[in-house]
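Have the model in view while reading.

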Amino acid sequence: MTHITIIGGGMAGLATAYYLQKKSRESGIKVDYTLVESASRFGGKITTDQVDDFVIEGGPDSFITQKPWGTQLCRELGLADRLIPTNDERRSIFVLSKGKLVPFPGGYRLTVPTEFVPFALSPLISPLGKLRMGLDLVIPPRREQSDESLAAFIRRRLGVEALDKIAGPVMAGIYVADPERLSLLSTFPMFAEMEQKYGSLIRAMQAAKKHHPSPNGARQNSGGQSLAAGSRPQAMFTSLRGGMQELVEALLAQLQGDLRLGCRVVGLRYLSPGFEVTFDSAHQSLKTDAVVLATPAYTAATLVESFAPHLAALLQKVRYVSTATISLGYRRADLPAQSDLNGFGFMVPKSENRQILACTWSSTKFNHRASADDVLLRLFVGGDQREHLVEDWADEELLALARAEIGAIMGITAQPVVKRIFRWPKGNPQYDVGHLDRVAEMEQLAAILPGLYLTGSAFRGIGLPDCIKSACTTVERLMLNVKR
Ligand SMILES: Cc1cc2nc3c(=O)[nH]c(=O)nc-3n(C[C@H](O)[C@H](O)[C@H](O)COP(=O)(O)OP(=O)(O)OC[C@H]3O[C@@H](n4cnc5c(N)ncnc54)[C@H](O)[C@@H]3O)c2cc1C
């Protein structure tokens with residue numbers, strides 16, 4: 001029987017094990033697998049803490065519904081009843097502008113205004129900035145088709161203010177990335193396509209709004225929600241009632257392979273055919289027919305270096321930054337009267353010179369995150385040029401920083417009743433300009449080494465649905481090569 005070793009037990013590794021089992025059952029082709037995780041728990045970036053009534057996410061708090069793979073997997077795992085939508089009736093998002101929280105105007109789609117009135121009335125962008133955004137309608141499209149940074153693209157089409165106040169915090173925020181380095185083609189390829197097809201982002205968005213169905217076949221309303229004919233709008237993001245950890249537990253409940261926790265892979269030898277995998281524990285090793293690398297790219301690089309140095313060098317080029325989330329739970333009665341937290345939270349443009357990147361009002365965004373008498377906030381720190389906060393600062397310093405920022409921005413000076421920090425050292429892959437070309441080359445190099453597979457967030461999407469899709473695709477390719 002073919003034996004496969006999956007290295008890394010985060011979303012991608014767990015989903016690989018799940019689909020391997022499923023495809024093996026469906027096809028009748030017998031495979032055996034070992035899933036190896038170096039940490040003391042499975043889940044990787046997914047981790048949820050329950051403290052009293054607070055449900056605190058350390059990593060992802062939800063996933064996007066427009067990419068179907070997350071919802072599909074949850075349904076397959078029997079979690080359909082556990083899925084909870086964002087509270088979209090309170091879906092405002094704020095942007096810190098000159099020290100004040102200013103609502104993000106309605107009618108925007110992916111940072112592009114599609115409705116004139118909310119755009120014209122919003123104080124977020126200056127009159128000159130608005131005029132500059134309007135020039136998008138007349139600026140000719142770029143001739144070259146090569147990759148460019150998100151910042152260069154937005155500056156060229158919509159101007160500097162749109163980059164600082166909207167695109168920077170919204171889009172770079174999703175990737176916790178510096179927009180000056182973030183690859184447009186790896187993250188928002190639809191922008192480049194819109195520019196080429198319509199000559200203007202604004203025209204493209206208006207056309208999409210009128211005529212085009214959304215990727216899952218539904219129409220969309222101006223808030224970006226999907227509208228299936230005659231049905232209630234589907235929220236843009238969904239989570240699980242008890243937190244994202246439920247997905248990890250549901251997957252683990254299905255897995256029947258050899259699961260090893262607290263077991264670090266320290267060596268990989270190519271036996272052609274097959275591999276020898278070495279673990280840190282008592283110099284143990286195992287022989288296996290195929291290996292799926294579901295670790296961060298820098299770990300994969302060290303493992304393949306001895307037999308695929310060029311691939312290792314490309315894997316090392318995927319840059320990672322460190323981030324942390326700081327969750328603070330409060331008694332609602334302790335907050336100032338004006339703190340109605342009527343929205344999903346706020347984003348902080350670079351020009352505001354603050355230490356935090358964003359803050360999610362978790363207990364407004366989702367139900368079941370705190371009791372009715374409490375509120376839960378989650379702050380993000382770290383990323384480009386601010387990694388020292390995550391790597392060097394002590395917990396007390398980070399908590400003091402978080403409280404000072406919340407005090408200055410939201411006027412909240414009360415003592416939190418719950419505090420929780422999750423650090424993600426070198427936890428966020430950065431899709432720098434040229435990333436897609438490098439990934440294509442990595443995939444070609446891996447394909448000529450029979451039995452070697454790369455999967456996970458380092459390559460073609462960082463979101464949970466992307467990781468799930470990547471696992472599914474990996475298993476499909478792998479099963480084609482398994483002997484009956
Ligand atoms: C703070 C934060 C918030 C996020 N929010 C969202 C969100 O709301 N929605 C969303 O869709 N995505 C979000 N993401 C992104 C998403 O969570 C990640 O991209 C995804 O979970 C990564 O999964 P993965 O399996 O590729 O990697 P990981 O989760 O990093 O898993 C890799 C695993 O490999 C293990 N490993 C490493 N080296 C070895 C070794 N030598 N031997 C054995 N095991 C090893 C690690 O311990 C780890 O468990 C967020 C990420 C972060 C950090």
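## Contact between two domains

In this predicted model, 15 residues of domain 2 are in contact with 16 residues of domain 3. The centres of domain 2 and domain 3, taken over C-alpha atoms, are 26 Å apart.

The size of an interface is often given as the accessible area lost when the parts come together. Between domain 2 and domain 3 the buried area is about 1,200 Å², and carbon and sulfur atoms give 50% of it. On the domain 2 side, Q66, M347 and P349 lose the most area to domain 3, together 40% of what that side buries.

## Division of the chain

The chain is divided into domain 1 (2-42 + 246-318 + 432-480), domain 2 (48-89 + 319-430) and domain 3 (104-229).

## The shell around the ligand

The ligand is surrounded by 32 residues, and the closest are E37, K45, S62, I462 and L464. The shell divides into 14 nonpolar, 14 polar and 4 charged residues. Domain 1 and domain 2 each supply at least three residues of this shell. Helix 17 gives the largest share, 3 residues.

Which backbones have polar atoms at 3.1 Å, 3.2 Å and 2.8 Å from ligand atoms? A nitrogen atom of the ligand is 3.1 Å from a polar backbone atom of S38. For oxygen atoms of the ligand, the distance is 3.2 Å to a polar backbone atom of D61 and 2.8 Å to one of L464. The protein covers 87% of the 1,000 Å² of accessible area that the ligand has on its own.

Key
Residues are numbered from 1 along each chain as its sequence is written. This is a predicted model: local features need pLDDT of at least 70, side-chain atom pairs count only at pLDDT 80 or more; totals for chains, interfaces and linings use all residues. Side-chain values use heavy atoms; hydrogens and water are left out. A residue is near a molecule or strand if one of its heavy atoms lies within 4 Å of it. A polar contact is a pair of N or O atoms within 3.5 Å; within protein, one must be able to donate a hydrogen and the other to accept it, and residues adjacent in sequence count only if both atoms are side-chain atoms. Accessible areas come from the Shrake-Rupley method with a 1.4 Å probe; for residues, only the protein chains shown count as cover. Helices (H or I, at least four residues) and strands (E, at least two) are DSSP runs, numbered from the N terminus. Ala, Val, Leu, Ile, Met, Phe, Trp, Tyr, Cys and Pro count as nonpolar, Asp, Glu, Lys and Arg as charged, and the others, Gly among them, as polar. Domain bounds come from an automatic or database domain assignment. Contact means heavy atoms within 4.5 Å. Buried area is the accessible area (1.4 Å probe) that two parts lose on being put together, summed over both.
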